[in-house]
Amino acid sequence: MANQGAKKRKEENARHMSKLLRLIIACNVIYILVRMVILHSSFTWKHWIGLVLTSAAYFLPYQQLANMAKPTFADDGELEDGGFDMSSGGVCEYLHDLIYITGFVQIASILSDKFWYTYLVIPAFGIYKASGLIKAFLPGDSEGETEDEKTRKKREKLERKAARGKMIKGRAR
């Protein structure tokens with residue numbers, strides 16, 4: 001029964017990676033069938049570049065996620081760790097977002113080439129996150145310093161209640 005959590009995580013990661021691979025394959029098959037076979041008269045060299053771009057945009061995050069999901073084994077072959085939790089946030093979540101955005105762009109670009117502009121969401125989000133990080137290191141006004149009168153009075157009242165509650169608990173009975 002030891003390492004039951006690691007075994008469960010390994011199985012969950014295998015199912016999750018299988019779902020992602022099916023999504024990637026489905027998007028590519030739909031794009032190739034519709035864009036290259038049905039709408040072949042409007043298929044240009046730009047669409048080949050788009051196919052290569054989306055393939056790279058699928059491959060790189062998927063490989064990173066596969067490395068994160070890979071379980072580790074001891075020298076004797078026993079499972080030590082089931083891999084990274086794929087439902088957690090952070091980098092794992094951003095990699096999933098890249099795959100989902102790529103799938104959307106690939107399928108939607110069948111309807112109109114204007115959907116390629118959706119890829120601008122990725123660097124825009126990166127700039128947004130980086131600007132928040134940069135603002136934290138810059139001197140200047142912080143949002144916490146500007147406190148209106150009502151909020152200040154409420155905070156002071158809560159502080160007085162908290163201090164009074166501590167004194168009551170501290171008495172000997």
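Me: What makes up the contact of α1 with α2?
Reply: Among the α1 residues are Met17, Leu20, Leu21, Ile24 and Arg35, and they belong to a set that meets α2 residues including Trp48, Leu51, Tyr58 and Leu65. Contact means heavy atoms within 4.5 Å. By class, there are 15 nonpolar, four polar and one charged residues in the contact of α1 with α2. Ala, Val, Leu, Ile, Met, Phe, Trp, Tyr, Cys and Pro count as nonpolar, Asp, Glu, Lys and Arg as charged, and the others as polar.

Me: How do you know whether α1 and α3 are roughly parallel or antiparallel?
Reply: The axes of α1 and α3 come within 9 Å and cross at roughly 20 degrees. Angles under 35 degrees count as roughly parallel, and α1 and α3 are therefore roughly parallel. Their contact includes Leu20, Ile24 and Tyr31 in α1, with His96, Ile99 and Gln106 among the α3 residues. That contact has nine nonpolar, five polar and no charged residues.

Me: What about α2 and α3: at what angle do their axes cross?
Reply: Helix α2 (residues 45–69) and helix α3 (residues 91–108) have axes that come within 9 Å and cross at roughly 155 degrees. That makes α2 roughly antiparallel to α3. The crossing is left-handed, a name used if the near helix is turned anticlockwise from the far one by less than a right angle.

Me: What lines the largest pocket, and which helix gives the largest share?
Reply: The lining is Tyr94, Asp97, Leu98, Ile101, Val121, Ile122, Phe125, Gly126 and Lys129. Five of these residues, the largest share, come from α4. By class, six are nonpolar, one is polar and two are charged. The pocket's volume is about 200 Å³, the space filled by probe spheres set on the points. A pocket is an open set of points on a 1 Å grid where a 1.4 Å probe fits, with protein on both sides within 12 Å along at least five of seven lines, and lining residues have an atom within 4 Å of a point.

Me: How should I read the numbering and the values?
Reply: Residues are numbered from 1 along each chain as its sequence is written, and side-chain values use heavy atoms, leaving out hydrogens and water. Because this is a predicted model, local features need pLDDT of at least 70 and side-chain atom pairs count only at pLDDT 80 or more, while totals for chains, interfaces and linings use all residues.

How values were computed: Axes fitted to C-alpha atoms, helices over the stretch in contact; angles between N-to-C directions. Helix = DSSP H or I, 4+ residues; strand = E, 2+ residues; numbered from the N terminus. Parallel < 35°, antiparallel > 145°, perpendicular 65-115°, else oblique.
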